[in-house]
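Hi there,

Here is the structure I promised to pass along. Please have a look at it first, and then read my notes below.

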Amino acid sequence: MSGQHEAEWGGEVAPGDEHKVDSGASAGVRGYLIGFALSSLLTAASFGIVGTTLIWAPGIPVALAVFAVAQMGVHLVFFLHVSSGPDNTNNILALAFGVMVVAIVISGSLWIMYHLNQNMMPMNTITDLHLQH
């Protein structure tokens, strides 16, 4: 950015942050409208790739995961206003802790389900026991 634009905009600003010079309703609404447009575009793209043959069929889950992560990023930046600025350190730490807790819960649940499945009695043995009584 040129020096004049930096003075106008208050320096470099992360996406989703309101500019320092802007004030009032229009400053906040613009960020939300950009976020809404990006979210709508990502949602439409997700539905679009499932209904077409643009992507190789086994690659569709990967593409959907990429669109989902991108949409989470858009929501974090434009709606929750999480950025990497120095005043958002606590927000980033809270987000990282939340992601860690969710990862522990999901991996623990998968581990428990796998081991329960491994230690379960075979189905034919269960039906034989049921028929014996």
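**The loop around Asn 88**

Asn 88 lies in the loop between H3 and H4. Before I go on, a word on the source: this is a predicted model, in which local features need pLDDT of at least 70, side-chain atom pairs count only at pLDDT 80 or more, and totals for chains, interfaces and linings use all residues. Residues are numbered from 1 along each chain as its sequence is written, and side-chain values use heavy atoms, with hydrogens and water left out.

Is Asn 88 buried or exposed? Asn 88 counts as buried because its relative accessibility is 10%; the cut-offs are under 20% relative accessible area for buried, over 50% for exposed and partly exposed in between, with a 1.4 Å probe and protein chains only. Its side chain makes a polar contact of 2.7 Å with the side chain of Ser 83. By polar contact I mean a pair of N or O atoms within 3.5 Å; within protein, one must be able to donate a hydrogen and the other to accept it, and residues adjacent in sequence count only if both atoms are side-chain atoms.

Ser 83 is found in the loop between helix H3 (60–79) and helix H4 (89–119). With 9% relative accessibility, Ser 83 is buried. Leaving aside neighbours within four places in sequence, Asn 88 is in contact (heavy atoms within 4.5 Å) with His 81, Val 82 and Ser 83.

His 81 lies in the loop between H3 and H4 and is partly exposed, at 22% relative accessible area. Most residues other than glycine have a negative phi.

**The aromatic pair**

How many aromatic pairs does a search of the whole structure find? The search finds 1. The rings of Tyr 32 and Phe 79 have centres 6.0 Å apart and planes at 15°, so the pair is stacked. Rings of Phe, Tyr and Trp (its six-membered ring) pair if their centres lie within 6.5 Å, and planes under 30 degrees apart count as stacked, over 60 as edge-to-face and the rest as tilted. The pair links distant parts of the chain, with Tyr 32 in helix H2 (residues 25–51) and Phe 79 in helix H3, 47 residues apart. Tyr 32 is partly exposed at 38% relative accessibility, and Phe 79 is partly exposed at 28%.

**A patch and the whole chain**

Ile 104 lies in helix H4 and is exposed, with a relative accessible area of 52%. Together with Phe 97, Met 100, Val 101 and Val 105, Ile 104 forms a nonpolar patch on the surface, with about 470 Å² of accessible area. Accessible areas come from the Shrake-Rupley method with a 1.4 Å probe, and for residues only the protein chains shown count as cover.

The protein chain has 5 helices and 0 strands; these are DSSP runs numbered from the N terminus, with at least four residues (H or I) for helices and at least two (E) for strands. Of its 133 residues, 14% count as buried.

Best wishes

Terms used. Patches are made of residues with over 30% relative accessible area and no salt bridge: like charges are joined within 9 Å, nonpolar side chains (Val, Leu, Ile, Met, Phe, Trp, Tyr) within 5 Å. A salt bridge is a side-chain nitrogen of Lys or Arg within 4 Å of a carboxyl oxygen of Asp or Glu.
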